[in-house]
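Here's a quick briefing to read with the model open beside you.

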Amino acid sequence: MFRKILVANRGEIALRVIRACREMGISSVAVHSTADADAMHVRMADEAICIGPPPAAESYLSVPNIISACEITGAEAIHPGYGFLSENASFVQVVEDHGITFIGPSSAHIRVMGDKIAAKETMKALGVPVVPGSDGGVPDIEAARRIGAQIGYPVLVKATAGGGGRGMKVARSADELEIAFRTARSEAKAAFGNDEVYIEKYLARPRHIEVQIFGDGKGGAVHLGERDCSLQRRHQKLFEEAPGPTIDAATRARIGRTCAEAVARIGYSGAGTIEFLYEDGAFFFIEMNTRLQVEHPVTEAIFGVDLVREQIRVASGLGLSFAQDDLVLNGHAVEVRINAERLPDFAPCPGRVKVFHAPGGLGVRMDSALYGGYAIPPYYDSLIGKLIVHGRDRPEALARLRRALGELIIDGIDTTIPLFRELLDDPDIAAGRYDIHWLETWLAAKRG
Ligand code: MV4
(Lines give C-alpha, C1' and ligand atoms only; values in the text may rest on other atoms or scores of the structure.)
Protein backbone atom coordinates (compact mmCIF):
# COMPACT_ATOMS: atom_id res chain seq x y z
CA MET A 1 0.00 0.00 0.00
CA PHE A 2 1.07 3.60 -0.60
CA ARG A 3 2.57 5.55 2.30
CA LYS A 4 1.78 8.99 0.86
CA ILE A 5 -0.75 10.24 -1.69
CA LEU A 6 -0.87 13.68 -3.32
CA VAL A 7 -4.39 15.02 -3.83
CA ALA A 8 -4.38 17.06 -7.03
CA ASN A 9 -7.60 18.92 -6.34
CA ARG A 10 -9.38 21.32 -3.95
CA GLY A 11 -12.72 21.79 -2.22
CA GLU A 12 -14.99 19.02 -1.03
CA ILE A 13 -13.46 16.32 -3.25
CA ALA A 14 -9.98 16.98 -1.84
CA LEU A 15 -11.43 16.47 1.67
CA ARG A 16 -13.18 13.32 0.47
CA VAL A 17 -9.86 11.82 -0.67
CA ILE A 18 -7.91 13.01 2.39
CA ARG A 19 -10.50 11.32 4.63
CA ALA A 20 -10.13 8.00 2.82
CA CYS A 21 -6.33 8.27 3.09
CA ARG A 22 -6.52 8.92 6.81
CA GLU A 23 -8.78 5.92 7.44
CA MET A 24 -6.32 3.75 5.51
CA GLY A 25 -3.28 5.05 7.42
CA ILE A 26 -1.93 6.82 4.34
CA SER A 27 -0.35 10.25 4.64
CA SER A 28 -1.91 12.96 2.43
CA VAL A 29 -0.42 15.95 0.60
CA ALA A 30 -2.65 18.88 -0.34
CA VAL A 31 -1.71 21.15 -3.23
CA HIS A 32 -3.08 24.67 -3.42
CA SER A 33 -2.95 27.91 -5.36
CA THR A 34 -2.11 31.17 -3.57
CA ALA A 35 -5.87 31.90 -3.56
CA ASP A 36 -6.44 28.72 -1.52
CA ALA A 37 -3.90 29.19 1.28
CA ASP A 38 -6.81 29.34 3.78
CA ALA A 39 -8.80 26.52 2.21
CA MET A 40 -9.99 23.60 4.30
CA HIS A 41 -8.16 20.94 2.26
CA VAL A 42 -4.87 22.65 3.11
CA ARG A 43 -5.69 22.50 6.81
CA MET A 44 -6.97 18.94 6.75
CA ALA A 45 -4.12 17.27 4.85
CA ASP A 46 -0.97 16.07 6.61
CA GLU A 47 1.16 18.37 4.41
CA ALA A 48 0.43 21.15 1.97
CA ILE A 49 2.39 22.67 -0.88
CA CYS A 50 1.70 25.76 -2.97
CA ILE A 51 1.63 25.06 -6.71
CA GLY A 52 1.06 28.48 -8.21
CA PRO A 53 -1.09 31.58 -8.63
CA PRO A 54 -4.93 31.67 -8.56
CA PRO A 55 -5.75 30.82 -12.21
CA ALA A 56 -6.21 27.04 -12.42
CA ALA A 57 -4.16 26.90 -15.64
CA GLU A 58 -1.12 27.97 -13.59
CA SER A 59 -1.80 25.82 -10.51
CA TYR A 60 -4.33 22.94 -10.38
CA LEU A 61 -3.89 22.33 -14.13
CA SER A 62 -0.10 22.78 -14.20
CA VAL A 63 1.43 19.37 -14.93
CA PRO A 64 5.04 20.36 -14.10
CA ASN A 65 3.98 22.03 -10.84
CA ILE A 66 2.03 18.98 -9.71
CA ILE A 67 4.78 16.53 -10.68
CA SER A 68 7.30 18.74 -8.81
CA ALA A 69 5.04 18.76 -5.73
CA CYS A 70 5.04 14.96 -5.84
CA GLU A 71 8.80 14.77 -6.09
CA ILE A 72 9.40 17.34 -3.33
CA THR A 73 7.03 15.63 -0.89
CA GLY A 74 7.85 12.04 -1.85
CA ALA A 75 4.24 11.15 -2.68
CA GLU A 76 4.05 7.81 -4.51
CA ALA A 77 0.60 8.27 -6.01
CA ILE A 78 -1.72 11.03 -7.23
CA HIS A 79 -5.48 11.10 -6.73
CA PRO A 80 -6.92 13.58 -9.23
CA GLY A 81 -10.48 13.90 -7.83
CA TYR A 82 -12.88 15.03 -10.57
CA GLY A 83 -12.45 17.87 -13.07
CA PHE A 84 -9.00 19.49 -13.42
CA LEU A 85 -6.52 16.80 -14.61
CA SER A 86 -8.69 13.77 -13.81
CA GLU A 87 -9.39 12.86 -17.45
CA ASN A 88 -6.28 14.28 -19.07
CA ALA A 89 -4.55 11.35 -20.79
CA SER A 90 -1.33 13.32 -21.46
CA PHE A 91 -1.05 14.17 -17.76
CA VAL A 92 -1.53 10.51 -16.81
CA GLN A 93 1.16 9.59 -19.34
CA VAL A 94 3.59 12.02 -17.67
CA VAL A 95 2.68 10.67 -14.21
CA GLU A 96 3.30 7.10 -15.40
CA ASP A 97 6.62 8.14 -17.02
CA HIS A 98 7.78 9.61 -13.68
CA GLY A 99 7.17 6.31 -11.90
CA ILE A 100 4.28 7.82 -9.94
CA THR A 101 1.02 5.85 -9.68
CA PHE A 102 -2.06 7.56 -11.06
CA ILE A 103 -5.11 6.57 -9.00
CA GLY A 104 -7.41 5.92 -11.92
CA PRO A 105 -7.43 4.08 -15.23
CA SER A 106 -4.52 3.88 -17.70
CA SER A 107 -3.79 6.82 -19.98
CA ALA A 108 -4.79 4.59 -22.92
CA HIS A 109 -8.30 4.00 -21.51
CA ILE A 110 -8.73 7.68 -20.69
CA ARG A 111 -7.67 8.61 -24.22
CA VAL A 112 -10.09 6.22 -25.92
CA MET A 113 -13.06 7.33 -23.83
CA GLY A 114 -12.20 11.01 -24.35
CA ASP A 115 -12.75 10.54 -28.08
CA LYS A 116 -16.54 10.21 -28.32
CA ILE A 117 -16.49 8.24 -31.60
CA ALA A 118 -13.79 5.83 -30.43
CA ALA A 119 -15.65 5.37 -27.12
CA LYS A 120 -18.89 4.57 -28.91
CA GLU A 121 -17.22 2.15 -31.34
CA THR A 122 -15.44 0.43 -28.45
CA MET A 123 -18.64 0.03 -26.44
CA LYS A 124 -20.65 -1.13 -29.44
CA ALA A 125 -18.05 -3.81 -30.19
CA LEU A 126 -18.26 -4.92 -26.55
CA GLY A 127 -22.02 -5.47 -26.77
CA VAL A 128 -23.15 -2.26 -25.06
CA PRO A 129 -26.26 -0.76 -26.73
CA VAL A 130 -25.52 2.55 -28.48
CA VAL A 131 -27.68 5.26 -30.09
CA PRO A 132 -28.32 4.47 -33.80
CA GLY A 133 -26.27 6.76 -36.04
CA SER A 134 -23.23 7.19 -38.26
CA ASP A 135 -20.32 4.76 -38.05
CA GLY A 136 -17.73 7.26 -36.96
CA GLY A 137 -17.15 10.77 -38.29
CA VAL A 138 -19.30 12.31 -41.01
CA PRO A 139 -17.01 14.03 -43.54
CA ASP A 140 -19.47 16.15 -45.54
CA ILE A 141 -23.10 17.17 -45.99
CA GLU A 142 -23.72 14.46 -48.62
CA ALA A 143 -22.72 11.77 -46.14
CA ALA A 144 -24.85 13.49 -43.49
CA ARG A 145 -27.89 13.37 -45.81
CA ARG A 146 -27.43 9.65 -46.45
CA ILE A 147 -27.35 8.96 -42.69
CA GLY A 148 -30.38 11.18 -42.03
CA ALA A 149 -32.36 9.29 -44.68
CA GLN A 150 -31.23 5.98 -43.22
CA ILE A 151 -31.96 6.53 -39.51
CA GLY A 152 -34.82 9.01 -39.91
CA TYR A 153 -35.39 12.44 -38.35
CA PRO A 154 -34.91 14.09 -35.92
CA VAL A 155 -31.14 13.64 -35.77
CA LEU A 156 -28.45 15.19 -33.59
CA VAL A 157 -25.08 16.35 -34.95
CA LYS A 158 -22.42 15.99 -32.23
CA ALA A 159 -18.76 17.01 -31.96
CA THR A 160 -16.31 14.09 -31.67
CA ALA A 161 -14.23 16.12 -29.22
CA GLY A 162 -17.37 17.35 -27.44
CA GLY A 163 -18.91 16.69 -24.09
CA GLY A 164 -20.98 18.80 -21.79
CA GLY A 165 -23.40 19.41 -24.63
CA ARG A 166 -21.19 21.85 -26.57
CA GLY A 167 -21.18 21.58 -30.34
CA MET A 168 -24.53 19.68 -30.49
CA LYS A 169 -27.20 20.62 -33.02
CA VAL A 170 -30.63 19.07 -33.69
CA ALA A 171 -32.03 18.72 -37.20
CA ARG A 172 -35.78 18.03 -37.04
CA SER A 173 -36.01 17.33 -40.75
CA ALA A 174 -33.84 17.01 -43.87
CA ASP A 175 -34.31 20.77 -44.48
CA GLU A 176 -32.60 21.60 -41.21
CA LEU A 177 -29.67 19.22 -41.70
CA GLU A 178 -27.30 21.46 -43.61
CA ILE A 179 -27.50 24.32 -41.12
CA ALA A 180 -27.20 21.93 -38.13
CA PHE A 181 -24.22 20.19 -39.72
CA ARG A 182 -22.40 23.44 -40.51
CA THR A 183 -23.12 25.07 -37.15
CA ALA A 184 -22.02 21.98 -35.16
CA ARG A 185 -18.80 21.86 -37.22
CA SER A 186 -17.88 25.51 -36.72
CA GLU A 187 -18.77 25.42 -33.00
CA ALA A 188 -16.67 22.28 -32.57
CA LYS A 189 -13.75 23.90 -34.39
CA ALA A 190 -13.97 27.01 -32.20
CA ALA A 191 -14.46 25.16 -28.90
CA PHE A 192 -12.17 22.14 -29.31
CA GLY A 193 -9.94 22.91 -32.30
CA ASN A 194 -11.36 19.80 -33.98
CA ASP A 195 -14.28 20.07 -36.39
CA GLU A 196 -15.09 16.36 -36.68
CA VAL A 197 -18.76 15.56 -36.05
CA TYR A 198 -20.93 12.44 -35.98
CA ILE A 199 -24.67 11.94 -36.25
CA GLU A 200 -27.16 10.15 -34.00
CA LYS A 201 -30.87 9.63 -33.84
CA TYR A 202 -32.18 12.39 -31.56
CA LEU A 203 -33.96 11.04 -28.49
CA ALA A 204 -36.61 13.57 -27.51
CA ARG A 205 -37.41 12.81 -23.86
CA PRO A 206 -34.85 10.44 -22.37
CA ARG A 207 -33.62 10.13 -18.82
CA HIS A 208 -29.89 10.31 -18.05
CA ILE A 209 -28.99 7.03 -16.36
CA GLU A 210 -25.38 6.24 -15.53
CA VAL A 211 -23.97 2.91 -14.40
CA GLN A 212 -21.13 2.84 -11.87
CA ILE A 213 -18.51 0.26 -12.77
CA PHE A 214 -15.22 -0.69 -11.15
CA GLY A 215 -12.35 -2.57 -12.79
CA ASP A 216 -10.25 -4.47 -10.24
CA GLY A 217 -6.97 -4.08 -12.16
CA LYS A 218 -6.70 -7.88 -12.50
CA GLY A 219 -9.04 -8.42 -15.42
CA GLY A 220 -12.27 -8.47 -13.41
CA ALA A 221 -14.96 -5.84 -12.93
CA VAL A 222 -18.16 -5.23 -11.00
CA HIS A 223 -21.07 -2.82 -11.29
CA LEU A 224 -22.74 -0.83 -8.52
CA GLY A 225 -26.07 -0.17 -10.16
CA GLU A 226 -27.14 3.14 -11.64
CA ARG A 227 -27.84 6.75 -10.78
CA ASP A 228 -30.52 8.92 -12.36
CA CYS A 229 -28.95 12.31 -13.11
CA SER A 230 -31.64 13.71 -15.37
CA LEU A 231 -32.23 16.84 -13.29
CA GLN A 232 -29.78 19.20 -14.93
CA ARG A 233 -29.61 22.81 -16.04
CA ARG A 234 -27.32 23.65 -18.96
CA HIS A 235 -25.56 20.31 -18.48
CA GLN A 236 -24.90 21.03 -14.81
CA LYS A 237 -26.42 18.33 -12.62
CA LEU A 238 -28.27 19.64 -9.59
CA PHE A 239 -30.07 16.62 -8.09
CA GLU A 240 -29.03 12.97 -8.42
CA GLU A 241 -30.46 9.79 -7.00
CA ALA A 242 -29.76 6.08 -6.71
CA PRO A 243 -31.28 3.73 -7.58
CA GLY A 244 -33.02 5.18 -10.65
CA PRO A 245 -36.73 5.58 -9.81
CA THR A 246 -37.76 3.80 -13.04
CA ILE A 247 -35.20 0.96 -13.01
CA ASP A 248 -36.23 -2.43 -11.59
CA ALA A 249 -33.90 -5.08 -10.18
CA ALA A 250 -33.89 -7.25 -13.32
CA THR A 251 -33.13 -4.28 -15.59
CA ARG A 252 -30.37 -3.15 -13.21
CA ALA A 253 -28.80 -6.61 -13.20
CA ARG A 254 -28.94 -6.82 -16.99
CA ILE A 255 -27.44 -3.42 -17.88
CA GLY A 256 -25.02 -3.65 -14.95
CA ARG A 257 -23.69 -7.01 -16.07
CA THR A 258 -23.36 -5.79 -19.66
CA CYS A 259 -21.29 -2.81 -18.46
CA ALA A 260 -19.12 -4.80 -16.06
CA GLU A 261 -18.37 -7.44 -18.71
CA ALA A 262 -17.50 -4.75 -21.24
CA VAL A 263 -14.96 -2.99 -19.03
CA ALA A 264 -13.51 -6.31 -17.81
CA ARG A 265 -12.84 -7.28 -21.43
CA ILE A 266 -10.74 -4.19 -22.07
CA GLY A 267 -8.85 -4.63 -18.77
CA TYR A 268 -10.20 -1.37 -17.37
CA SER A 269 -8.86 -0.49 -13.93
CA GLY A 270 -10.52 1.71 -11.31
CA ALA A 271 -13.81 3.59 -11.09
CA GLY A 272 -15.77 4.52 -14.19
CA THR A 273 -19.23 5.61 -15.21
CA ILE A 274 -21.05 4.48 -18.33
CA GLU A 275 -23.64 7.08 -19.32
CA PHE A 276 -26.86 6.18 -21.10
CA LEU A 277 -29.91 7.89 -22.40
CA TYR A 278 -32.87 5.78 -21.27
CA GLU A 279 -36.13 6.04 -23.15
CA ASP A 280 -39.11 3.65 -23.41
CA GLY A 281 -37.28 0.97 -21.46
CA ALA A 282 -34.17 0.94 -23.70
CA PHE A 283 -30.60 2.03 -22.91
CA PHE A 284 -28.43 3.93 -25.40
CA PHE A 285 -24.77 4.51 -24.54
CA ILE A 286 -23.58 8.11 -24.97
CA GLU A 287 -20.29 8.55 -23.09
CA MET A 288 -17.99 6.97 -20.54
CA ASN A 289 -16.39 8.97 -17.72
CA THR A 290 -13.09 7.58 -16.54
CA ARG A 291 -13.10 9.32 -13.15
CA LEU A 292 -14.81 9.31 -9.80
CA GLN A 293 -17.91 11.47 -10.20
CA VAL A 294 -19.30 14.28 -8.09
CA GLU A 295 -22.41 12.20 -7.38
CA HIS A 296 -20.58 9.02 -6.27
CA PRO A 297 -21.87 9.34 -2.66
CA VAL A 298 -25.41 8.21 -3.59
CA THR A 299 -23.93 4.93 -4.81
CA GLU A 300 -21.78 4.68 -1.67
CA ALA A 301 -24.89 5.16 0.46
CA ILE A 302 -27.00 2.41 -1.10
CA PHE A 303 -24.17 -0.15 -1.31
CA GLY A 304 -22.34 0.80 1.89
CA VAL A 305 -18.94 0.97 0.21
CA ASP A 306 -16.18 3.59 0.17
CA LEU A 307 -15.40 4.10 -3.53
CA VAL A 308 -12.28 6.19 -2.91
CA ARG A 309 -10.85 3.47 -0.66
CA GLU A 310 -11.49 0.98 -3.46
CA GLN A 311 -9.78 3.28 -5.99
CA ILE A 312 -6.71 3.43 -3.78
CA ARG A 313 -6.73 -0.37 -3.20
CA VAL A 314 -7.02 -1.09 -6.93
CA ALA A 315 -4.29 1.41 -7.87
CA SER A 316 -1.95 -0.19 -5.31
CA GLY A 317 -2.59 -3.66 -6.78
CA LEU A 318 -4.68 -4.99 -3.88
CA GLY A 319 -7.85 -5.34 -5.91
CA LEU A 320 -11.40 -4.69 -4.72
CA SER A 321 -12.49 -5.53 -1.18
CA PHE A 322 -15.75 -7.07 -2.46
CA ALA A 323 -17.10 -9.22 -5.28
CA GLN A 324 -20.27 -8.61 -7.29
CA ASP A 325 -22.27 -11.04 -5.14
CA ASP A 326 -21.29 -9.20 -1.95
CA LEU A 327 -23.05 -6.05 -3.13
CA VAL A 328 -26.57 -5.66 -1.75
CA LEU A 329 -28.59 -2.59 -2.70
CA ASN A 330 -30.07 -1.05 0.43
CA GLY A 331 -32.67 1.75 0.33
CA HIS A 332 -32.51 4.99 -1.61
CA ALA A 333 -30.16 7.98 -1.68
CA VAL A 334 -30.42 11.51 -3.05
CA GLU A 335 -27.76 14.19 -3.52
CA VAL A 336 -28.31 17.89 -4.08
CA ARG A 337 -25.53 20.20 -5.20
CA ILE A 338 -25.11 23.36 -3.20
CA ASN A 339 -23.59 25.98 -5.50
CA ALA A 340 -22.55 29.52 -4.63
CA GLU A 341 -24.97 30.94 -7.19
CA ARG A 342 -27.69 33.55 -7.18
CA LEU A 343 -31.16 32.50 -8.25
CA PRO A 344 -33.01 32.75 -10.54
CA ASP A 345 -30.16 33.11 -13.05
CA PHE A 346 -27.56 30.88 -11.32
CA ALA A 347 -24.95 33.66 -11.53
CA PRO A 348 -21.77 32.67 -9.66
CA CYS A 349 -21.70 34.42 -6.33
CA PRO A 350 -18.43 33.98 -4.47
CA GLY A 351 -17.86 35.85 -1.21
CA ARG A 352 -17.37 35.43 2.50
CA VAL A 353 -19.40 32.79 4.35
CA LYS A 354 -20.49 34.25 7.68
CA VAL A 355 -22.16 31.21 9.21
CA PHE A 356 -21.99 27.59 8.12
CA HIS A 357 -24.03 24.98 9.93
CA ALA A 358 -24.16 21.48 8.42
CA PRO A 359 -27.18 19.26 9.02
CA GLY A 360 -26.74 15.92 10.77
CA GLY A 361 -28.62 12.94 12.09
CA LEU A 362 -29.43 9.50 10.73
CA GLY A 363 -28.86 9.10 7.00
CA VAL A 364 -27.41 12.57 6.41
CA ARG A 365 -24.00 13.30 4.89
CA MET A 366 -22.71 16.76 4.10
CA ASP A 367 -19.55 16.88 1.98
CA SER A 368 -18.28 20.45 1.99
CA ALA A 369 -15.04 22.34 2.48
CA LEU A 370 -16.83 25.41 3.90
CA TYR A 371 -16.33 26.89 7.34
CA GLY A 372 -17.66 30.03 9.00
CA GLY A 373 -15.48 32.99 7.97
CA TYR A 374 -14.22 31.33 4.78
CA ALA A 375 -13.99 33.53 1.70
CA ILE A 376 -14.95 31.57 -1.43
CA PRO A 377 -12.44 32.61 -4.12
CA PRO A 378 -13.85 33.68 -7.49
CA TYR A 379 -11.47 31.55 -9.59
CA TYR A 380 -12.97 28.07 -9.41
CA ASP A 381 -16.30 26.35 -9.92
CA SER A 382 -19.27 27.24 -7.79
CA LEU A 383 -19.88 23.85 -6.10
CA ILE A 384 -19.46 24.48 -2.37
CA GLY A 385 -21.10 21.41 -0.94
CA LYS A 386 -23.15 18.30 -1.50
CA LEU A 387 -25.95 17.18 0.77
CA ILE A 388 -26.55 13.45 0.53
CA VAL A 389 -29.38 11.66 2.31
CA HIS A 390 -30.12 7.96 2.61
CA GLY A 391 -33.40 6.34 3.59
CA ARG A 392 -35.00 2.89 3.53
CA ASP A 393 -36.99 3.92 0.47
CA ARG A 394 -37.40 6.94 -1.79
CA PRO A 395 -40.14 8.69 0.22
CA GLU A 396 -38.05 8.38 3.37
CA ALA A 397 -34.98 9.77 1.58
CA LEU A 398 -36.98 12.76 0.28
CA ALA A 399 -38.49 13.46 3.72
CA ARG A 400 -35.00 13.32 5.18
CA LEU A 401 -33.71 15.70 2.50
CA ARG A 402 -36.45 18.19 3.36
CA ARG A 403 -35.58 17.88 7.05
CA ALA A 404 -31.82 18.26 6.44
CA LEU A 405 -32.30 21.28 4.15
CA GLY A 406 -34.21 22.85 7.04
CA GLU A 407 -31.16 22.49 9.28
CA LEU A 408 -28.58 23.67 6.75
CA ILE A 409 -27.43 27.27 7.21
CA ILE A 410 -25.08 29.07 4.83
CA ASP A 411 -25.15 32.81 5.56
CA GLY A 412 -23.32 35.55 3.69
CA ILE A 413 -23.64 34.27 0.13
CA ASP A 414 -26.44 33.15 -2.19
CA THR A 415 -26.80 29.43 -2.88
CA THR A 416 -28.99 26.93 -4.69
CA ILE A 417 -30.53 25.77 -1.37
CA PRO A 418 -33.93 27.55 -1.88
CA LEU A 419 -34.33 25.80 -5.23
CA PHE A 420 -34.25 22.37 -3.58
CA ARG A 421 -36.83 23.37 -0.97
CA GLU A 422 -39.19 24.27 -3.83
CA LEU A 423 -38.31 21.23 -5.90
CA LEU A 424 -39.32 18.92 -3.06
CA ASP A 425 -42.84 20.39 -3.14
CA ASP A 426 -43.35 19.38 -6.75
CA PRO A 427 -45.54 16.32 -7.39
CA ASP A 428 -43.41 15.21 -10.37
CA ILE A 429 -40.32 15.08 -8.16
CA ALA A 430 -42.23 13.20 -5.45
CA ALA A 431 -43.30 10.68 -8.09
CA GLY A 432 -39.88 10.43 -9.78
CA ARG A 433 -41.54 11.57 -13.01
CA TYR A 434 -38.92 13.59 -14.87
CA ASP A 435 -36.58 13.48 -17.88
CA ILE A 436 -33.52 15.50 -19.00
CA HIS A 437 -35.67 18.49 -19.98
CA TRP A 438 -37.87 18.59 -16.87
CA LEU A 439 -35.78 21.00 -14.76
CA GLU A 440 -35.28 23.64 -17.44
CA THR A 441 -38.99 23.51 -18.29
CA TRP A 442 -39.88 23.88 -14.60
CA LEU A 443 -37.46 26.80 -14.14
CA ALA A 444 -38.83 28.53 -17.25
CA ALA A 445 -42.44 28.08 -16.02
CA LYS A 446 -41.52 29.43 -12.59
CA ARG A 447 -40.10 32.61 -14.10
CA GLY A 448 -43.33 33.03 -16.07
C1 MV4 B 1 -28.23 13.21 -26.83
C2 MV4 B 1 -29.54 13.69 -26.58
C3 MV4 B 1 -30.56 13.19 -27.36
N4 MV4 B 1 -30.30 12.28 -28.33
N5 MV4 B 1 -28.02 12.30 -27.80
C6 MV4 B 1 -25.99 16.20 -23.85
C7 MV4 B 1 -24.57 16.20 -23.40
C8 MV4 B 1 -23.97 14.93 -23.84
N9 MV4 B 1 -23.40 14.28 -22.71
C10 MV4 B 1 -25.05 14.15 -24.48
N11 MV4 B 1 -26.22 14.96 -24.49
C12 MV4 B 1 -27.35 14.56 -25.13
N13 MV4 B 1 -27.18 13.63 -26.10
C14 MV4 B 1 -29.04 11.86 -28.53
N15 MV4 B 1 -28.80 10.98 -29.50
C16 MV4 B 1 -29.73 14.62 -25.55
C17 MV4 B 1 -28.63 15.07 -24.82
C18 MV4 B 1 -28.93 16.01 -23.76
C19 MV4 B 1 -28.74 15.66 -22.42
C20 MV4 B 1 -28.22 14.43 -22.06
C21 MV4 B 1 -28.03 14.10 -20.74
C22 MV4 B 1 -28.41 15.00 -19.74
C23 MV4 B 1 -28.94 16.21 -20.08
C24 MV4 B 1 -29.12 16.57 -21.40
C25 MV4 B 1 -29.66 17.80 -21.73
C26 MV4 B 1 -29.84 18.13 -23.05
C27 MV4 B 1 -29.46 17.24 -24.06
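Domain 1 and domain 3 bury about 2,000 Å² between them, and 63% of that area sits on carbon and sulfur atoms. Buried area here is the accessible area (1.4 Å probe) that two parts lose on being put together, summed over both. Keep in mind that this is a predicted model: local features need pLDDT of at least 70, side-chain atom pairs count only at pLDDT 80 or more, and totals for chains, interfaces and linings use all residues. Residues are numbered from 1 along each chain as its sequence is written, and side-chain values use heavy atoms, with hydrogens and water left out.

**How the domains meet**

- The protein chain is assigned domain 1 (4–85), domain 2 (132–201) and domain 3 (207–447), with bounds that come from an automatic or database domain assignment.
- Taken over C-alpha atoms, the centres of domain 1 and domain 3 are 23 Å apart.
- Domain 1 puts 30 residues into the contact and domain 3 puts in 25 residues, where contact means heavy atoms within 4.5 Å.
- Which three residues supply more of the area that domain 1 buries against domain 3 than any other three? They are Glu12, Arg16 and Tyr82, with 30% of that area.

**Polar links across the interface**

- Between domain 1 and domain 3 there are 3 salt bridges, each being a side-chain nitrogen of Lys or Arg within 4 Å of a carboxyl oxygen of Asp or Glu.
- The interface of domain 1 and domain 3 also has 9 residue pairs in polar contact, both residues at pLDDT 80 or more. A polar contact is a pair of N or O atoms within 3.5 Å; within protein, one must be able to donate a hydrogen and the other to accept it, and residues adjacent in sequence count only if both atoms are side-chain atoms.
- On the side of domain 1 that touches domain 3, helix 1 (11–23) and helix 2 (40–44) are the elements that give two or more residues. Helix 1 has the largest share, at 10 residues. Helices (H or I, at least four residues) and strands (E, at least two) are DSSP runs, numbered from the N terminus.

**Arg16 and its partners**

- Arg16 forms a salt bridge with Asp306, with 2.7 Å between the closest N and O atoms.
- The side chain of Arg16 also meets that of Glu300 in a salt bridge (2.7 Å, N to O). Arg16 is in helix 1 and Glu300 is in helix 10 (residues 296–303), so this pair ties together parts 284 residues apart in sequence.

**Around the ligand**

- Of the 16 residues around the ligand, Lys158, Glu200, Lys201, Leu203 and Glu287 come nearest; a residue is near if one of its heavy atoms lies within 4 Å.
- Lys158 has a polar side-chain atom 2.9 Å from a nitrogen atom of the ligand.
- Lys201 instead places a backbone N or O atom 2.7 Å from a ligand nitrogen atom, and Leu203 has a backbone N or O atom 3.0 Å from a ligand nitrogen atom.

- Most residues other than glycine have a negative phi, and most peptide bonds are trans.
- The Ala242 to Pro243 peptide bond is cis, with omega near -5 degrees, and Pro243 sits in the loop between strand 11 (236–242) and helix 9 (249–265).
- The Leu343 to Pro344 peptide bond is cis too, with omega near 5 degrees.
- His235 is not a glycine, yet has a positive phi of about 70 degrees.
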